[in-house]
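Work through the exercises below with the sequence and the three-dimensional structure at hand. Each task is followed by a solution that goes step by step.

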Amino acid sequence: MKQILLVVTLLALFATGIQAADLENRVVEHTMKNGMKLLMVERHTSPTVSAWIRFRVGSVDERSDERGVAHLLEHMLFKGTTTLGTTDYAAEKPVLDRIEEVAQALTAEKTRGKRADTEKISRLEKQLAALEADAAKYVIKDEFFELYSKNGGTGYNAFTSRDGTTYLISLPSNKLELWAAIESDRLQNAVLREFYTERSVVMEERRRSYDAAPESKLWETFVASSFLAHPYGQPTIGWMSDIENLTRSKAEKFFHSYYAPNNAIVAIVGDIDTKKTIAMVERYFGAIKPGKELPPVTAVEPPQAGQRRIELIADAEPTLIMGFHKPAIDTPDDYVFDVISMILGSGRTSRFYKKLVIEKQLTSDIGAFDAPGNRYPNLFVVSANPRAPHTVKEVEDGIHAELDLLKTTPVTERDLQRILNNIEYDEARRMGTNGGLAHNLTEYEATTGSWRYMTEHRRKIASVTPADIMRVARAYFTRENCTVGFITKKGSGK
Amino acid sequence: MKRLIIIICLLVTSIAPALGADQHLANPRTMKFPELNFQIPTAERVVLECGMPVYLLRDTELPIINMTAMVRTGSVYEAVAKSGLAGMTGIVMRSGGAGGAAPEKMDDELEFMASAVESGIDSDMGTVSLTSLKKNFSRTLQIFTDVLLRPDFSEKRVEIARSQMIENLRRQNDDPKEIADREIIRAIYAGHPLGEVATFGSVSSITRQDLIDFHRRYFRVDNMILAVSGDFDRSELLAKLNSAFPPEKNHSTLLLPEVPQPRQKFQGEVLYGRKDASQTVIRMGHLGLSKDTPDLYAVRLLDYILGGSFTSRLTMEIRTNLGLAYSVGSRFDIGRRFTGSFIAETETKAGSTVKTIGLMKDIITRLTKEPVSDGELNAAREYMINSFIFGFISPASIVTQRARLEYYGYPDGYLEKYRDNIARVTKMDILNAARKYLHPDAFKLVVVGDAAKFDRPLSTLGNVKELDLTLNIPE
C-alpha cells in the first residue's frame, strides 16, 4: 500500500513542467538582416562562454563527384584566412594557385589508371612537393588554434555529419569578441592552404576510423546498403577514392556556395549580456552578404521490397546491426519511434536489457537509436554483440520477438510515465553545461527548423498512445523493410 | 565644380576609416580584453558524526542534486590470480541488488524516478555516484547508501557480470588500437599490479564470496569522502547524511595493504602484434613521474609543447606538415598514488610505419637536447593559466575536484598556487625535466599491424618480440 501511495504522489509531482518553460523563457533569439540566426542563453555559473556555429550543410548535400568534401572542407577551415595563418598573402597566393594547377594535373593523370604516364606522375609529384615547400615559407601554422588557446580557449573543434557542419569553442567570457573576430573573418576570407597535406590526414582518419576498425567498417557498409537512392547512404568522410580525387577548387566551390550567413545558426551560451552580444555579433557579421539557399535533396529512397543481409568477414567477434526505414525527425511517427526506442533500448528497465541481456543472456551489449541523420527519412537501428556461444541468428530472433510483441500487446501506462519522467530529468540536466545547451540549440534549430522542438518534445511524447505504438510497429517492423548487417569471424567456417 | 568633386572624394575617403573605427573590428592578433572577474570557487568541508569528510556546494540553478562517494580501494589491491575482482565488485554492487531490494525492483524504482545510482572501481579508487531530481533525493539517497554499504551481490547477477567480462575478453583483440593500448601499459608496468590484466582464468576463479569480502574490506564509513552539489538545503542535507552514515562502533581497524611503487627499469623493448590492417597502431613510452615532485609544473608545460595540443611538436610535424597521421600526441599521465607513465601514440598507414616511429623518437629526443623556444613556452603558459577556469564550470566538478585533492593527498593551496607555479617555469626547467623524464632509447615500443606491408623491417629498431594474440578460450 505504501508503495502505491508513493507512486501516486510521484505522478502528481511529475505533472509540473517547470524545466521546459524555463528554457522557453531563457533563450533569446535574434535573426540578422542577412539571415544569420543567433540563439543565446545567459548563465552566470562560471565566467565562461560556449559559442557554436552550425552550417545547414553536411555530406547529404554533396554531389556524387564531391563526396567527402563537406568533411574535408571542415578540416581546411582551420587553416587561416587572407590575414591570419600567413605572413604575406599577396606573395603566397600565386604559389597556391600554381599548386592547384599542378595538383589538378596530377589527379587527372592518376585517374587514367593503367594508361597513366608514370613519368609524368613522378615529375608532377616532385613539382608539387617543391611548390608546397615554397608555400610553407608563408604559413603561420594553425594560427586560429594558437590565438584561441593563448586566450584560454578550450574544446576548439568542429564536426561534420550527414545533416550539417558545426564549429565550436569555449572561452573565458571576457574573450568572446575574439571568437567574433576570428569566425567572421573565417566565414568571409578563408584560405584553404596546405590542402593536399590535409587530404592525406583525412585518408589516415579514414583508415583509423573505418578501414582498421571492424565494427565501424560494418556500420559504414550497412548504412550504404540501406540507401540505394538517397545520399544518406554515402559515408560522411567519403570512400577512399572519393578523398583521393578531391581538389582545393572543389572545396572552395562548396565553401562559396553554402557557407553564408543565411545558412548559419549561432548559439552563444554562458556568462554574457544578450543585448551587448547581439550588438557585437551584428558588428562583426552584419555586413556579410547572404548567399544562395541550400537546395533540398530531391532523391527519395524507394520503399524497400525485401530484407537485405550484409555480411562482413573480419578478424573480429560477431556483431549484429538491424535497421528499419522510418520517417524524418519531427513527424508524427517519429515521436512514436522515440517512445519505442526508449521502451526497447533505454536503461536497465528496457525490454532488450531485461529480456536479452538478463533473462536469456544472448547479448552483453544492446542499444536502439536513429541514424544516420535526421533531416530526411532515416533508420531505426538496433545493434548488439552476441554473447558466445550464442549466435547472430539467435540474437536476431530475440530482437524480432520483442519487436513483434509491440505489434500485439499494448505497452503499459507505467512504461509511458517512466519515459516522461526521464524526459523531464533530461530537460533539467540539459541546462547544466554551456556547450551541451549550445549543441542542442543549434542541432534542433537546424534539423527541425526550431530549437523549440526541445520544449515541445515532452508534450508530443505525452500524446503518444499504446495504440500508436502498435500501429507503428506493425507498419515498420516488417521483413521487407529490414536490413541486417553482421560480422562473421574470419576462419570460423560459418 | 572641380573643387566640389575633390571635397566629395575627400569625404568618401575620410568616411571609410571613420566607419572602420566606429565599428571597432579588432585584429585577433592584437586585441585587448576587459579583466575577467574570477575567484577560485571553494566548497565547504564538513565532517559527519561518523568522521566522514563531506564537501558541499549549493547551487540552485537546476533542481538536481549530484553526489559522489570516493572510496580508498582499487584493483591494485587484488591478487594476480583474481585479476578483475575489483572491477567486478564495482559492477555487481549496483547490478546485484542492495539493502534487500532485488535488482529488478531497484532498477525499476530508480528509473521511474529518473534517478541514477552507479558504482565502479578503477585502479586506485572506488566510486558510487548519485544524480537525482531534488524532489526524489531522499529515496535516491537511501538506495545510494544501500549500494555503497549493503550490496547483496545476487548470485545470478554475479554470473551475468562474469559472463559479460568473459565476452569482453573474447573481443579484446578485435580493434588494433585496443590491443596496443593494453600492451603498452602491460609493458611499462610489468611486474606491478598496474600492469596486470584480467584473463579467462582469473575471471573464472572469482567467487561471490570474493566480491563480498573485497567490498566489506574497503567500503566503510571511515574510508571514504563524499562530494555533494546542487539544489539542497544545507542543514536538512547534513541531517540526512548523518542518519544515513551513523558512526560504526564495531569496526575492525582499517587495513589498507601496502602496494610498492613500480620499479624504474629503463630498458627498451620492441613488441609486435600481428593484425591484418592497412594502418599500423604505434605506442611508445615508459614510466613517468608522480604528483609529489616539484618538477610537476615543468612537466605539464613540457607535455603541452611536446604532444598535448593541436600545435604541439608531434602534431605539427607528423600530422600538419607531413600528413602521416590523423591522431598523434603524447601524454605524461601524472601518477597520483603510483609513478605515472609517459606514452606517445599515433596510427599511420602500414607503408610509413617505421619512418613515423623514427620521426616521433627524433622529435622527443630533440626536447632533451635543446631548450624550447620563448614562443612555445609563452603559448603553453598562457594556455594553462588562461584556461584554468574551465576546471570550475559546474558545481559538481568543483566539489568533486576538492574531494579528489583530499583523496590523493595534494598539498593545501594546490589550486590556489597552480597558476603562479606554472608562471614560474623557465626554459631551463623544461629542458631539465625533459632530460630527467624522457628516455627515448628506453622506450617500450608496441606496434600492431601487418609487418609485411611496413616500409622497413621492425628489426631495424631492435630485437622484436611478437605478442601472442591467440585467446586460448577455455571450452
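The model is a predicted one, in which local features need pLDDT of at least 70 and side-chain atom pairs count only at pLDDT 80 or more, while totals for chains, interfaces and linings use all residues. Residues are numbered from 1 along each chain as its sequence is written, and chains are lettered from A and ligands numbered from 1 in the order in which they are written.

**Exercise 1.** Determine which strands pair with S3(A), and how its two faces are covered.

Solution. Helices (H or I, at least four residues) and strands (E, at least two) are DSSP runs, numbered from the N terminus, and two strands pair if DSSP finds at least two bridges between them. Begin with strand S5 (residues 165–172) of chain A, which is joined to S3(A) by eight bridges and runs antiparallel to it. Next take strand S6 (residues 264–270) of chain A, also antiparallel, with seven bridges to S3(A); here A:Ile53 has A:Val266 as its bridge partner.

For the faces, recall that in a regular strand the side chains alternate between the two faces of the sheet. A residue is buried if 20 or more other C-beta atoms lie within 10 Å of its own, exposed if 12 or fewer, and partly exposed in between, with C-beta atoms placed from the backbone. On one side of S3(A), A:Thr48, A:Ser50, A:Trp52 and A:Arg54 are buried, and on the other A:Val49, A:Ala51, A:Ile53 and A:Phe55 are buried too. The tally for S3(A), residues 48–55, is therefore eight buried residues of eight.

**Exercise 2.** Describe the six-stranded sheet of chain B and account for its edges.

Solution. The sheet is open, its pairing is mixed, and its strand order is S1-S2-S6-S3-S5-S4. Strand S1 (44–47) and strand S4 (116–121) of chain B each have a single partner strand, so one side of each lacks a neighbour in the sheet. From one strand to the next the twist averages 15°, where axes are lines fitted to C-alpha atoms, for helices over the stretch in contact, and angles run from 0 to 180 degrees between N-to-C directions.

**Exercise 3.** Which residues of H14(A) are buried, and against which elements do they pack?

Solution. In helix H14 (residues 351–359) of chain A, the buried residues are A:Arg351, A:Phe352, A:Tyr353, A:Leu356 and A:Val357. They pack against helix H13 (332–345), strand S9 (363–371) and helix H15 (392–408) of chain A. Just after the helix, A:Gln361 adopts a positive phi of about 50°.

**Exercise 4.** Is A:Lys93 buried, partly exposed or exposed, and where does it lie?

Solution. A:Lys93 belongs to helix H4 (residues 89–110) of chain A. Because 16 C-beta neighbours fall inside 10 Å, A:Lys93 counts as partly exposed. Its C-alpha atom is separated by 11 Å from that of A:Val139, 46 residues apart along the chain.

**Exercise 5.** Summarise the fold of chain B in numbers.

Solution. Chain B has 16 helices and 12 strands, and its C-alpha trace spans about 100 × 65 × 40 Å along its principal axes. Of its 475 residues, 47% count as buried.

Definitions and conventions. Contact = placed C-beta atoms within 7 Å.
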